[in-house]
Amino acid sequence: MLPSLTLPTTLPIRAGEIDLRRADLADLDDLMRLMSDDAVSASRGDRNDAADRGHYERGLRAIIEEPANDIVVAVDADGRVIGTLQLTLIPGLARRGATRLLVEAVRVASNLRSRGIGEAMMRWVMDIATAQTGADLVQLTSDRARVDAHRFYLRLGFTDSHVGFKYRVSDET
């Protein structure tokens, strides 16, 4: 967990508020649902399947236990998990020793998209999390198939400045 982040916090959205808090193991089923609720993720094997629960639990535990990582959930007024994102703080030498805040696995429940939830979460990252972690730069990658997400990130002020590459080590991931 990134100890410098002040959580929980409340964020305004178009129709009310959401709370952001750190995810814990009790959120695992909701996180699995959010991962599988995304067509691109589902096409890569993310499923809300009890047979995969152990894989997701190992991943969540590793994130929670790693001091340079955090996983945050957005919760509605009824306490339901409706969004998530993962943060990783990366110290570096490039850009005069800049520290990067990497954003991964941004998800909002498909039936709640376009309501300002994702924007509120990302603006919190850009404005608050960067200040609290000392990050100089926010970066993320986005699958080429996520055309709507690309427009969203550009609208928020991100630039599509790099080409990303991946190397698959095993068929398990």
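Strands here are DSSP runs of E with at least two residues, numbered from the N terminus. With that in hand, welcome to a quick tour of this predicted model. A hairpin links strand 1 and strand 2 through two residues, and the largest nonpolar core counts 43 residues. Two aromatic pairs are also present.

**Strand pairing**
- Strand 1 covers residues 9–13 and strand 2 covers residues 16–22; they run antiparallel and are joined by five bridges.
- Within this pairing, P12 has E17 of strand 2 as its bridge partner.
- Strand 2 also pairs with strand 3 (residues 69–75), again in the antiparallel sense, over four bridges.
- Here L20 stands opposite A74, which belongs to strand 3.

**The nonpolar core**
- The residues that touch the most other members of the largest core are I18, L85, L87, I117, M121, M122 and W124.
- Helix 5 (residues 117–133) makes the biggest contribution to this core, giving seven residues.
- If you set aside neighbours within four places in sequence, I117 is in contact with I13, I18, A74, I82, V108 and L112.

**Aromatic rings**
- Which residues make up the aromatic cluster? F152, Y153 and F158 form it together.
- The ring centres of Y153 and F158 are 5.8 Å apart and the planes meet at 70 degrees, so this pair counts as edge-to-face; the cut-off for that class is over 60 degrees.
- Y153 and F158 are both buried.

Key:
Residues numbered from 1 in each chain as written. Predicted model: local features only at pLDDT ≥ 70, side-chain atom pairs only at ≥ 80, totals over all residues. Heavy atoms only, no water. Pairing = 2+ DSSP bridges. Core = buried A, V, L, I, M, F, W, Y, C linked by side-chain atoms within 4.5 Å. Buried < 20%, exposed > 50% of the residue type's maximum accessible area, 1.4 Å probe, protein only. Contact = heavy atoms within 4.5 Å. Phe/Tyr/Trp six-rings, centres within 6.5 Å; stacked < 30°, edge-to-face > 60°.
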